[in-house]
Amino acid sequence: MKSVAIVLAGGSGSRMKSRQKKQYLLLGDYPVLWYSLRAFQNCPRIDEIVLVCGEGEEERCRREFAEGYGFSKIGKIVHGGRERYHSVYAGLKAAGSCDWVLIHDGARPFVDQNMLDRIFEGLAECPACAVGMPVKDTIKMRDQEGYVEQTLPREKLWMIQTPQSFSYPLIWQAYRELMRREQALSEVEEDMIRITDDAMVVETILHVPVKLIEGSYENMKITTPEDLILAENLAKRWRFKKTEKI
């Protein structure tokens, strides 16, 4: 059973307000992207890593991460597309024929081995899994005038994270249909496609249920400068908690 991790590292990071893309910013002693690549490198159930970077950054990623840090599982490095789902599609094409695929945002540095174990346990029961955690706050829907439209039941709400994991034939079928539908749209209608995560593609196109797997409140996504400050504090703790070597 071959498992491939697709790591997305092609975002522009405009909200970070930095000349350097967020995945390359230093978090402690290493770039943000290093942490998740290290987790997949050290996971015995992952056979290969497909790294999806920005256009023109392929050689940098190969030199810095595959060669410089010795991430030998990086088998392919490809550039992504205009939207996140275009980048995932590029990663799926590069992954080729495999059994399982884990799709992860490179801006989430704190995926760990326990989480990856839970994912594979979930895949044994369901071909579509997404990690996440229950929300802590009360969530309200806002109407167009800025008033509360509805208070949602907190006990049913989860904030979704990555990795999101699937049977390769399932996610490949879903993305191929998504791309077919996009090509069928006119330029005016193209904005109708609103895909925020991979589970949504499987849910809406193939109507396959997605199993929720416990992630971690530490499995944060670095998007803004404030996130980077919090991640710096977490990285200090991880230097004491995580002792496995590449």
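**Notes on the aromatic cluster, the cores and the central strands**

1. Let's begin with the rings: Tyr24, Tyr30, Trp34, Tyr35, Phe65, Tyr69, Phe71 and Phe110 make up one aromatic cluster. Here rings of Phe, Tyr and Trp (its six-membered ring) pair if their centres lie within 6.5 Å, and planes under 30 degrees apart count as stacked, over 60 as edge-to-face and the rest as tilted. Twelve aromatic pairs are found in the structure.

2. A word on the basis of these notes. This is a predicted model, in which local features need pLDDT of at least 70 and side-chain atom pairs count only at pLDDT 80 or more, while totals for chains, interfaces and linings use all residues. Residues are numbered from 1 along each chain as its sequence is written, and side-chain values use heavy atoms, with hydrogens and water left out.

3. Two pairs deserve a look. Trp34 and Phe71 form a tilted pair, 6.5 Å centre to centre with 50° between the planes. Trp34 belongs to helix α1 and Phe71 to the loop between α2 (58–68) and β5 (74–79), so this pair ties together parts 37 residues apart in sequence. Helices (H or I, at least four residues) and strands (E, at least two) are DSSP runs, numbered from the N terminus. Both Trp34 and Phe71 are buried, where buried means under 20% relative accessible area, exposed over 50% and partly exposed in between (1.4 Å probe, protein chains only).

4. The second pair is Tyr35 with Phe110: the ring centres are 6.2 Å apart and the planes at 65°, so the pair is edge-to-face. Tyr35 also lies in helix α1, whereas Phe110 is in the loop between β6 (100–105) and α4 (113–123), so parts 75 residues apart in sequence are tied together. Tyr35 and Phe110 are buried.

5. Charges meet rings too. Arg60 lies over the face of Tyr24, 3.8 Å from the ring centre, and the charged end of Lys136 sits over the ring of Tyr217, 4.1 Å from its centre. The criterion is NZ of Lys or CZ of Arg within 6 Å of the ring centre and within 35 degrees of the ring normal.

6. Now the packing. The largest nonpolar core has 44 residues, of which Leu27, Leu37, Leu51, Phe65 and Ile74 touch the most other members. Helix α1 (residues 32–42) supplies the largest share of this core, seven residues. A second, separate core of 27 residues includes Val52, Leu92, Ile103 and Phe166. Such a core is a set of buried Ala, Val, Leu, Ile, Met, Phe, Trp, Tyr and Cys residues joined through side-chain atoms within 4.5 Å.

7. Helix α1 itself is worth checking: eleven of its eleven residues are buried, so the helix is largely enclosed by the rest of the structure.

8. Leaving aside neighbours within four places in sequence, Leu51 is in contact (heavy atoms within 4.5 Å) with residues including Val7, Leu33, Leu37, Ile74 and Val78.

9. How is β4 placed among the strands? Strand β1 (residues 3–9) pairs with β4 in the parallel sense over six bridges, with pairing requiring at least two DSSP bridges. Val4 stands opposite Glu48, and the bridge partner of Ala9 is Cys53. On β5, five bridges join it to β4, again running parallel, and Val52 stands opposite Val78. The β-α-β crossover from β4 through α2 to β5 is right-handed, that is, with the strands pointing away from the viewer, the path from the first strand over the helix to the second runs clockwise.

10. β1 also joins β6 through six bridges, in parallel, and Ala5 has Leu102 as its bridge partner there. Seven of the seven residues of β1 are buried, so β1 is largely enclosed by the rest of the structure.

11. His79, in strand β5, counts as partly exposed at 34% relative accessibility. Trp238, in helix α7 (residues 225–241), is buried at 7% relative accessible area. Beyond its neighbours within four places in sequence, Trp238 is in contact with Phe110, Val111, Asp112 and Glu218, and its C-alpha atom is 8.5 Å from that of Phe110, 128 residues apart along the chain.
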